[in-house]
Structure formats: C-alpha cells, structure tokens
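Work through the exercises below with the sequence and the structure at hand. Each task is followed by a solution in steps.

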Amino acid sequence: MSDLDLLTQSLARNVKRWRTERGFTLDALAARAGVSRGMLIQIEQARTNPSIGTVVKIGDALGISITTLLDYGQGPTVRIVPAEQAVRLWHTDAGSYNRLLAGTEAPGPLEMWDWRLMPGEQSPSEPHPVGTVELVHVTAGELTLTVDGVKHLVPTGASATFEASTSHTYGNEGDVPMEMVMAVSVPPVR
C-alpha cells in the first residue's frame, strides 16, 4: 500500500472518528468547515485526496490538528515528552512556575501540568469552558485552592477535583514551597 493510500484511509478514519466524537452530523461539519457534504462523504469513504486547504478547514472545524487528522500509526501511539521540552507558560521572580508536561485530545483537550508556588504567591485563573474539570495532587507543601470565592486547603499527599468553569486561584499561604501535579480536561468542541 502506498503512502498516499495510507494517508487517504487514515484521513477517512480520523475525520469520521472526530466528527462522531464531536457529535457533528455530516451537514453540521460541512457548514462549520465550509466544505460540501458530498466532499465529506467522499473523504470519509476514502474515495478522494482533498487539498491541504480542505484538510485544514476540516481540522479547524473539528478543533484538532492536521497531524491528528493524518496520523496513520498502526497500533497504540506513545508520545514521550522529554523533560527539557515541557513548556513553561508562567513564572515569577520568586521561583513560582507552571509547566505543561503533556497533552492530548481524548475526546477533548486533556493536559497534565507541574506547578510550583513559592510561599505567599498565588496564580488566579479565569473561568474555563463549562464542563472543564481540573484534578490536582499536592506533592509538597499545602495548596490553598480558592474556587468561586471559597478557600479549600489541600495538604501534601491529598488530591482535589473541581469544575473549573468559575474563577479559581491556586495559592500558597504556607511558609514552604507548594508543588502539585494538575490535570485539566476540557470538553470537546460541539
């Protein structure tokens, strides 16, 4: 089987999979992507090789990358993220930080974070989309988790889950650094 055949079959399988996971009908995806229903049928039946522009439109409408749409790996996909490739998105001069350790789309975005907050520091967060859930596990110190104005203390070794569609703040009111691992699950685009 040629590489083009593999890509055509992979695109067919992945468009149908992600369309189904997002709960889109053919008509709904066609409207979102600006692609004809007939074209989507041909793609899902592996009867055409669409332009890259069409693939980009479909990926954007589904909220996934082109790489995900064209992935034709045979078997379970394992992605190793070396420590030096973790992305630091926030930090303070005192030494607080967060790092995105890994992420995936299953069925919506799922992220794993490494956090460190120095004594007296905090990091506020705006509300996430409705249906977003966060899980935290404190590995050192004590987290002061404020959700919708209510403070919750999460000590070393404890975990917490909460719906993150309201304002929330991660804080360290203790006198030692607080470290935690956090997972964020965002609902798929509908």
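## Layout of the chain

The protein chain is split into domain 1 (3-70) and domain 2 (83-185), with bounds that come from an automatic or database domain assignment. This is a predicted model, in which local features need pLDDT of at least 70 and side-chain atom pairs count only at pLDDT 80 or more, while totals for chains, interfaces and linings use all residues. Residues are numbered from 1 along each chain as its sequence is written, and side-chain values use heavy atoms, with hydrogens and water left out.

**Exercise 1.** State what distance separates the centres of domain 1 and domain 2.

Solution. Take the centres over C-alpha atoms; domain 1 and domain 2 are then 35 Å apart.

## Helix packing

**Exercise 2.** Describe how helix α1 and helix α4 pack, and list the residues that meet.

Solution. Step one is to locate the elements: α1 covers residues 3-22 and α4 covers residues 52-62. Helices (H or I, at least four residues) and strands (E, at least two) are DSSP runs, numbered from the N terminus.

Step two is the geometry. Two packed helices are described by the angle between their axes and the distance between the axes. Here the angle is about 25° and the axes are 10 Å apart. That angle makes α1 roughly parallel to α4. Axes are lines fitted to C-alpha atoms, for helices over the stretch in contact, and angles run from 0 to 180 degrees between N-to-C directions. Angles under 35 degrees count as roughly parallel, over 145 as roughly antiparallel, 65 to 115 as roughly perpendicular and the rest as oblique.

Step three is the hand: α1 and α4 cross in a left-handed way. A crossing is left-handed if the near helix is turned anticlockwise from the far one by less than a right angle, and right-handed if clockwise.

Step four is the contact itself, meaning heavy atoms within 4.5 Å. From α1 come L11, V15, W18, R19 and R22, and from α4 come V55, I58 and L62. By class, the residues of this contact of α1 with α4 are six nonpolar, no polar and two charged. Ala, Val, Leu, Ile, Met, Phe, Trp, Tyr, Cys and Pro count as nonpolar, Asp, Glu, Lys and Arg as charged, and the others, Gly among them, as polar.

## Single residues

**Exercise 3.** Is N14 buried or exposed, and which residues does N14 touch?

Solution. N14 is in helix α1. Its relative accessibility is 7%, so N14 counts as buried; buried means under 20% relative accessible area, exposed over 50%, partly exposed in between (1.4 Å probe, protein chains only). Not counting residues up to four places away in sequence, N14 touches T68, L69, L70 and D71.

**Exercise 4.** Find what K57 contacts, leaving aside neighbours within four places in sequence.

Solution. K57 belongs to helix α4 and is partly exposed, with a relative accessible area of 43%. The residues in contact with K57 are A33, G34 and V35, apart from those neighbours.

**Exercise 5.** How many residues apart in sequence are E21 and V189, and what is their distance in space?

Solution. E21 is found in helix α1 and counts as partly exposed at 26% relative accessibility. E21 and V189 are 168 residues apart in sequence and 9.4 Å apart in space, C-alpha to C-alpha.
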